[in-house]
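This briefing covers selected local features of one protein model, grouped by topic. Please consult the sequence and the coordinates shown below alongside the points that follow.

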Amino acid sequence: MKAQFLDLHAAADFLGPGAIEVNRYQSEITDIVRRRGVFGQRIRQVPATGHPSRFFEQTAIAAPSMVAGFVDPRNIVTTVNAPTRVERSVPLKALVSQINYNLFDVEVGSQQSQFAFLQAKDLADAVDGLMRTHDTALWQGNDTSLSAPTTTEYYGAAGQIAAGGNVSTIHTTDSIVDGFTRIRYCST
């Protein structure tokens, strides 16, 4: 048997003659919050190659035109196409988070033998919160350029779509399908 003396002043809700009332918390914390955003879950993360991170962007798909694509099957002559790739670079962005513990948190957690668990849970929550901010910024980031950043945030996908001219207004009386078709054929 191992005896241990503890100072319960910090943890006790009620400390009186003949009675000590100490809250005992469950070791599991249940929650129903979404840990990642839907948009962030769908984007494949690619490790950076340095600062700035360099990559190749394919700007067009090699596809023959209708006239050059269809040929006489007895006399096949093809037109040569090559994929177009452009080297690009993106400066790195940094997201940070911080957790502060006060002496009360440390004492209560230690006395209830849960401080290590709570620390691990808080760390996991901090990372999850950081990833939620990351996922939101992927779509809504307020930077205006990939190659020459103007802010510390991401250049969000919504901003890139708008800057690329791939935006159209579909009025309430218009067909959504016709609006998307119009956008598709205007951009090609």
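Which residues of helix α3 are buried? The model examined here is a predicted one. Within α3, which spans residues 103–111, the buried residues are V108, G109 and Q111. They lie on the same side of α3, because the arc they cover around the axis is only 165 degrees.

**Helix α3 and its ends**

- The packing partner of the buried residues of α3 is helix α4, residues 115–140.
- At the start of α3, N102 places a side-chain oxygen within 3.1 Å of the backbone nitrogen of F104.
- Just after α3, the residue S113 adopts a positive phi of about 55 degrees.

**Aromatic pair**

- A pair of aromatic rings is characterised by two quantities, the distance of the centres and the angle of the planes.
- The model contains one aromatic pair under the rule applied.
- Y101 and F115 form this pair, with 5.4 Å from centre to centre and 70 degrees between the planes.
- The geometry is edge-to-face, because planes over 60 degrees apart are assigned to that class.
- The pair links distant parts of the chain, 14 residues apart: Y101 belongs to the loop between β4 (84–90) and α3, while F115 belongs to helix α4.
- Y101 has a relative accessible area of 31% and is therefore partly exposed.
- F115 has a relative accessible area of 16%; since buried means under 20%, F115 is buried.

**Residue S53**

- S53 is located in strand β3, which comprises residues 53–60.
- The relative accessibility of S53 is 14%, so S53 counts as buried.
- From its side chain, S53 reaches the backbone nitrogen of T49 at 3.2 Å.
- Leaving aside residues up to four places away in sequence, S53 touches A48, R88, S89, V90 and L92.

**Largest pocket**

- The volume of the largest pocket is about 1,200 Å³.
- Its lining consists of 32 residues, and those nearest the centre of the pocket are F55, V90, L138, L146 and Y154.
- Two or more lining residues are contributed by each of the elements β3, β4, α4 and α5 (157–163).
- Strand β3 supplies the largest share of this lining, namely four residues.
- V90, one of the residues nearest the pocket centre, is also among the residues that S53 touches.

Conventions: Residues numbered from 1 in each chain as written. Predicted model: local features only at pLDDT ≥ 70, side-chain atom pairs only at ≥ 80, totals over all residues. Heavy atoms only, no water. Buried < 20%, exposed > 50% of the residue type's maximum accessible area, 1.4 Å probe, protein only. Arc of directions from axis to C-beta. Contact = heavy atoms within 4.5 Å. Polar contact = N/O pair within 3.5 Å; in protein donor to acceptor, adjacent residues only side chain to side chain. Phe/Tyr/Trp six-rings, centres within 6.5 Å; stacked < 30°, edge-to-face > 60°. 1 Å grid on protein atoms, 1.4 Å probe; cavity = no way out; pocket = protein on both sides within 12 Å on 5 of 7 lines; lining within 4 Å. Points joined across faces, edges and corners; volume = space filled by probe spheres on them.
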